Every structure is written in structure tokens, then in C-alpha cells.
Amino acid sequence: MRPQKIGLILTGGGSRAAYQVGVLKAIAEFTPHGARSPFAIICGTSAGALNAATLAINAGNFRKGVKYLLNVWKNFHVAEVYRSDFVGVLRNTSRGLAGLILSSFGINRLNHVSLLDNAPLVELLEQTLPCEKIQESIDSGVLHALSITASGYGSGHSVTFYQGVEGIQPWRRARRLGVPTRIGIQHLLASAAIPFIFPAVHIHREHFGDGSMRQLSPISSALHLGADRVLVVGMGSGGNADAESARSRIDEYPSLAQIAGHALDSIFLDSMEVDLERLRRINRTVSMIPEDIRPGINLRHVDVLVISPSQPLEKIAERHLRGLPWTIRLLLRAVGVMRRRGANLVSYLLFEKTYCRALIDLGYQDAMKRKEEIVAFLGQGAHQSSDNNLPQ
């Protein structure tokens, strides 16, 4: 009997993806030093694509890949992701306004226009992520496949770019398809291009934006690539602290930031919740089908484990708003971020080490509380080493 392939799904969420690194830190402590990645299939979307590519490059040594991610995310500054200097912010904002005005006269000047200029992120990825090593991981047998999902603005399709072993067949479903390719920096940038916030990226024949848009079935890519079991690290707002207040009367008209934050939640969170519900329903259906009939139907049971924040991430972001550069605070103040209920938007943009470290710690603690469950899911008798060399 062949060993089961475990898939890892890292979802989107901008700076919220720091939470994933905390979960991965805990998992790394459950694995022996020098061990390969426990995940044969790695699927990333949006900011999760950056983490996924790093793990794929370092699939031969899981702890090494996680250690690298920890070093990056624990020391992040906004200026490493998007321009926050006065000249850069002014230039980008002016270009955006000019583009909107000219477009109203039928002159298309909206190319590359976005709220923020992510040129620093482009430079960071080009300097630090040797994507050619993805194929080395595949050829050495430590990685079965890596996928990066982006959304085509022209076709409206959710496109999963994948790189893996020979024999993986492309797929086409309603509004989504899988395309084999050599994954590069452009795929990561496209997948992480939050709409209106970061510019779209041109790949082949069309422009692509954040992969979480129109991603109707986030888990399906891992299954198409051959995963038998799936670990999902989600970005949903945890806890029920706001359940009562969310239902109370709110007369204040929503700010642009509140509306944008609500829209981003819909993009990043809703599809995964719906897909998980669908998968669990299919699992229940399969469980009721006699064993001797199952081989003849196109359904199978897929074990899934979900790790998601136990606390609302927007509440953590509120405590770290002042960590943003003054130029970005001024820009975001104009759209209502500093007003009540405006912090949800900034929870996606706060690439500052104090906030990222808080999310890493939350992810680590959430995963450690479920250590036995995770170890059992991974199917290994690993334990936390007393010789742990991961940064704290």
C-alpha cells in the first residue's frame, strides 16, 4: 500500500499570513532535525503563496524552511512590502487619481494603478526566493507538487498554476482550471495582488490578481494534485468576542475602510468555509456507501484538519495600528481606518514586526494546544526536540 500524500493548504490574507508561520513553527518542532517536509503537496494562495513557495524550495529540510520564514516575518517592515516613504506614497496616489480622472474622459491610464506600490516586495522576492530550486525538490523526491492560485481579470477564471512530478493531469472545471508551468516570482506576485491594494500582474495572455478572488473550491487543487489528506491553515477571525456586538444596533454609516475590510473578508474567508462544509458533507455521504460499491463512484473520503485563529485578528491589529509609518497612517485615515471598526482592513496590510510577531505567537500557541491531534494527523511519532534551534 502506497504511503498517503498529505497536502498543506496555506490561504490568503496579506499580513495575516504571519499566523501561518506560527503554526508551521509548532509543526516543525514536532518533526526531527533535518527531516523532509511532511507535506508532499503544498498549495498557496495570496500571501500564503509566498510561504508555500518557501516551503517547497526547502522541502528537503522542513525546519530550515520554517526557520527562514520565521526570520523574515518576525523582522518585517512595511517598507519591505510596499513603498511607505513620502515621495513613493505621493507619487502612487497622484498616479491613481490622475488615472481615474483620465479614464472618465475615455483615456485608459489605469495600468499598474493601485493604492500601494509593491515594488519593494518584488525586489525582496527576487533576491531571496530561488524558484528554480522548486524543481530540484521535485526531482529529489521530497516534493510531489506545488500549486499557486491566481485570479484572471480577463477570463474570470481561478487559475491554479502547478509544478509537480510527471503524470499530473491539468484540470478544467466551472470557472477554475489547473495549468502546469514552471512557477516563478510573477506567479507569487499575481497570487498576492490584493484587489485595489496591489497592482495586477501580467502572465501569458492576461492580467491576474489575488488568488482568493473567485476561488470557489480552495481545497480542490490539493486533491487534483493527489493529496489523500489535507491540513488547512486558515485566516478566519477566531473567537466569538464580537458575536454580540456584531448583532447590536450600529447607526454609524460604514467608512470606506470598513466596507473594504468587509469585502476582503468575503474574498479571503467565505470560500474556504463553504468548501470545508462541502467536503464534510461528501465525507458523510461516502461513509454511508457500502465498501464494495465505493470503487465504482467518483467520490472518496478525504481527511481534513483545519487550524485557524482562536482570536479575532482585527482586534490584534487595532493594538498595533501605530506601528504603521505616518505616511501610510495618513493615507489610510482618509478612508476611515482610524475610525471605529476600520481596523479590519489594516489587519491585511500591517506588515510590521510587532503585529507579525503577535500573530506568529498566536499561531504557535493554537497549534501547540492541538499537538496530539496534529501529530496523529501527520501520522508520525515525532516529538518536540530538546535540541530545538528554531528562533523563539
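# Exercises on a predicted model

A search of the whole structure, which is a predicted model, finds zero disulfides.

## Exercise 1: Cysteines

Determine whether Cys43 and Cys356 are buried or exposed, and state how many disulfides the whole structure holds.

Solution. 

Step 1. A disulfide is a covalent bond between the sulfur atoms of two cysteines.

Step 2. Residues under 20% relative accessible area count as buried. Cys43 has a relative accessible area of 3%, so Cys43 is buried. The value for Cys356 is 0%, and Cys356 is therefore buried.

Step 3. The search for disulfides across the whole structure returns zero.

## Exercise 2: The surroundings of Ser347

Locate Ser347, classify its accessibility, and identify the residue whose side chain makes a polar contact with the side chain of Ser347.

Solution. 

Step 1. Ser347 belongs to the loop that lies between helix H13 (343-346) and helix H14 (353-368).

Step 2. The relative accessibility of Ser347 is 0%, so this residue counts as buried.

Step 3. Once neighbours within four places in sequence are set aside, the contacts of Ser347 are Ser15, Arg16, Leu313, Glu314, Ala317 and Tyr355.

Step 4. One of these residues, Arg16, is joined to Ser347 by a polar contact of 3.0 Å between the side chains.

## Exercise 3: Salt bridges

State how many salt bridges a search of the whole structure finds, and describe the pairs of Arg16 with Glu314, Asp85 with Arg83, and Lys315 with Glu318.

Solution. 

Step 1. Side chains of opposite charge can pair when their charged atoms come close. The search of the whole structure gives five salt bridges.

Step 2. Among them is the salt bridge between the side chains of Arg16 and Glu314, with an N to O distance of 3.6 Å. Arg16 lies in the loop between strand S1 (6-10) and H1, whereas Glu314 lies in helix H11, so the pair ties together parts that are 298 residues apart in sequence. Arg16 is buried, at a relative accessible area of 0%, and Glu314 is buried, at 15%.

Step 3. In the salt bridge of Asp85 and Arg83, the closest N and O atoms are 2.7 Å apart. Asp85 counts as partly exposed at 32% relative accessibility, and Arg83 counts as partly exposed at 24%.

Step 4. The side chains of Lys315 and Glu318 form a salt bridge with an N to O distance of 3.7 Å. Both residues belong to helix H11, where they are three residues apart, about one turn of the helix. Lys315 is partly exposed, with a relative accessible area of 32%; Glu318 is partly exposed, with 38%.

## Exercise 4: Helix H14

Solution. 

## Exercise 5: Strands around S3 and S4

Describe how strand S3 pairs with S2, S4 and S8, and how S4 pairs with S6.

Solution. 

Step 1. Eight of the eight residues of S3 are buried, so this strand is largely enclosed by the rest of the structure. Ala145, Ser147, Thr149 and Ser151 point one way from S3, while Leu146, Ile148, Ala150 and Gly152 point the other way.

Step 2. Strand S2 (residues 41-45) pairs with S3 in the parallel sense over five bridges. Ile42 has Leu146 in S3 as its bridge partner.

Step 3. S3 (residues 145-152) pairs with S4 in the antiparallel sense over seven bridges. Ala145 stands opposite Gly164 of S4, and Ser147 has Tyr162 as its bridge partner in S4. Five residues lie between the strands of this hairpin, in which Gly156 takes a positive phi near 80°.

Step 4. S3 and strand S8 (residues 206-209) run antiparallel and are joined by two bridges. The bridge partner of Ser151 in S8 is Gly209.

Step 5. S4 (residues 158-164) is mostly covered, with six of its seven residues buried. S4 pairs with strand S6 (residues 176-180) in the parallel sense over five bridges, and Thr160 has Gly178 in S6 as its bridge partner.

Terms used
Residues are numbered from 1 along each chain as its sequence is written. This is a predicted model: local features need pLDDT of at least 70, side-chain atom pairs count only at pLDDT 80 or more; totals for chains, interfaces and linings use all residues. Side-chain values use heavy atoms; hydrogens and water are left out. Helices (H or I, at least four residues) and strands (E, at least two) are DSSP runs, numbered from the N terminus. Buried means under 20% relative accessible area, exposed over 50%, partly exposed in between (1.4 Å probe, protein chains only). A polar contact is a pair of N or O atoms within 3.5 Å; within protein, one must be able to donate a hydrogen and the other to accept it, and residues adjacent in sequence count only if both atoms are side-chain atoms. Contact means heavy atoms within 4.5 Å. Two strands pair if DSSP finds at least two bridges between them. A disulfide is a pair of cysteine sulfur atoms within 2.5 Å. A salt bridge is a side-chain nitrogen of Lys or Arg within 4 Å of a carboxyl oxygen of Asp or Glu.
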